[in-house]
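Hi everyone, thanks for coming.

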Amino acid sequence: MARILVVEDEASLRGTITYSLRRDGHDVVAVADGEQALAAWSETPADVVLLDLMLPKLDGFEVCRRLRQTSSVPILMLTARTEEIDRVVGLEIGADDYVTKPFSMRELLARVKAMLRRRDLLHQELRQASVASTEQICVGSLRIEPARRRAYANDREVALKPKEFDLLLHLARHPGQVFSAEQLIEQVWGYDAMGDASTVRVHVRSLREKLEEDPSRPAMIETVRGVGYRLVD
Ligand code: CA
């Protein structure tokens, strides 16, 4: 399921944790001190780190701090005393969660599961964000990159003013659909904008001059008489 790095100097507890995690299907690397933890991490990073606070060589605070310099891996602190909890919470060392000893294996597994679920959700969001940032909208000879706010006509970049871009993007997201000037004011300029049909007319004219081969006979942004405008698909 996941690769988990367990850092715990108490051998029997380390053994129990390792056994439980493996039985749950995880791939476990278990080490006994802070230096081994960093060495194991640099060899193969894990999906989750279970990190005891009081450790020989480097303590859990220091290991956590160093991991955080290069990684946002979920870290679950294993703490023994209430004053340790205060430090974990108070210092904001970058741990994601903590459990206090003694804890049940069932509780530990539930925490690990929750961390993995959060990580999966985060990855999903990142993936969606990166898809969105490379999104392209192509209508006829027009190509728009919304995230970069760039527009191209026949692969030639067209310099547009902010509202011209917004208007073109709106039309391009609904190719072929006719919008009245009132709808465009509402949807592109926003409800509270100062604007009327003439504002839309001015922007449409300007877009045609920039995009159309013959602005007086528009082939991209059509006027539908008595109704409004549409982008020809
Ligand atoms: Ca310890």
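Let me start with Asp52, which is buried, with a relative accessible area of 3%. By buried I mean under 20% relative accessible area, with exposed being over 50% and partly exposed in between, using a 1.4 Å probe and the protein chains only.

A word on what you are looking at. This is a predicted model, so local features need pLDDT of at least 70 and side-chain atom pairs count only at pLDDT 80 or more, while totals for chains, interfaces and linings use all residues. Residues are numbered from 1 along each chain as its sequence is written, and side-chain values use heavy atoms, with hydrogens and water left out.

Back to Asp52, then. Which protein donors does the calcium ion have? They are Asp9 (OD), Asp52 (OD) and Met54 (O), and they lie 2.1 to 2.4 Å from the ion. Donors here are N, O and S atoms within 2.8 Å of the metal, or 3.2 Å for Na, K and Ca; water is not among the atoms, so sites may look incomplete. Written as a sequence pattern, the donor residues are spaced D-x42-D-x1-M. Asp9 sits in the loop between strand 1 (3-7) and helix 1 (11-23), and Asp52 in strand 3 (residues 48-52), so the pair ties together parts that are 43 residues apart in sequence. While Asp52 is buried at 3%, Asp9 is partly exposed, at a relative accessible area of 33%. Helices (H or I, at least four residues) and strands (E, at least two) are DSSP runs, numbered from the N terminus.

Now let's zoom out to the whole chain. You can count eight helices and eleven strands in its secondary structure. The radius of gyration is 29 Å, well over the 17 Å that the globule rule gives for 233 residues, so the chain is more spread out than a compact globule. For the record, that radius is taken over C-alpha atoms, and the rule is 2.2 Å times the number of residues to the power 0.38. The C-alpha trace spans about 85 × 35 × 30 Å along its principal axes. Of the 233 residues, 41% count as buried. As for contacts, meaning heavy atoms within 4.5 Å, if we take those between residues at least 6 apart in sequence, 53% join residues at least 24 apart.

Next, a few individual spots. Ser20 lies in helix 1 and counts as buried, at 3% relative accessibility. Not counting residues up to four places away in sequence, Ser20 touches Met105 and Leu109.

Trp41 is in helix 2 (residues 34-43), and this tryptophan is buried too, at 12%. Leaving aside neighbours within four places in sequence, Trp41 has contacts that include Leu5, Val49, Leu67 and Val73.

Is each one buried or exposed? Asn154 counts as partly exposed at 49% relative accessibility, and Asp155 as exposed at 63%.

Two last stops. Ser180 is in the loop between helix 6 (162-173) and helix 7 (181-189). Ser180 is buried, at 16%, and beyond its neighbours within four places in sequence, it is in contact with Val227 and Gly228.

Finally, Met220 sits in the loop between helix 8 (197-211) and strand 10 (221-224) and is buried at 12% relative accessibility. Not counting residues up to four places away in sequence, Met220 touches several residues, among them Ser141, Ala153, Leu211 and Val232. Met220 and Val232 are twelve residues apart in sequence, and their C-alpha atoms are 5.2 Å apart in space.

That's my tour, and I'm happy to take questions.
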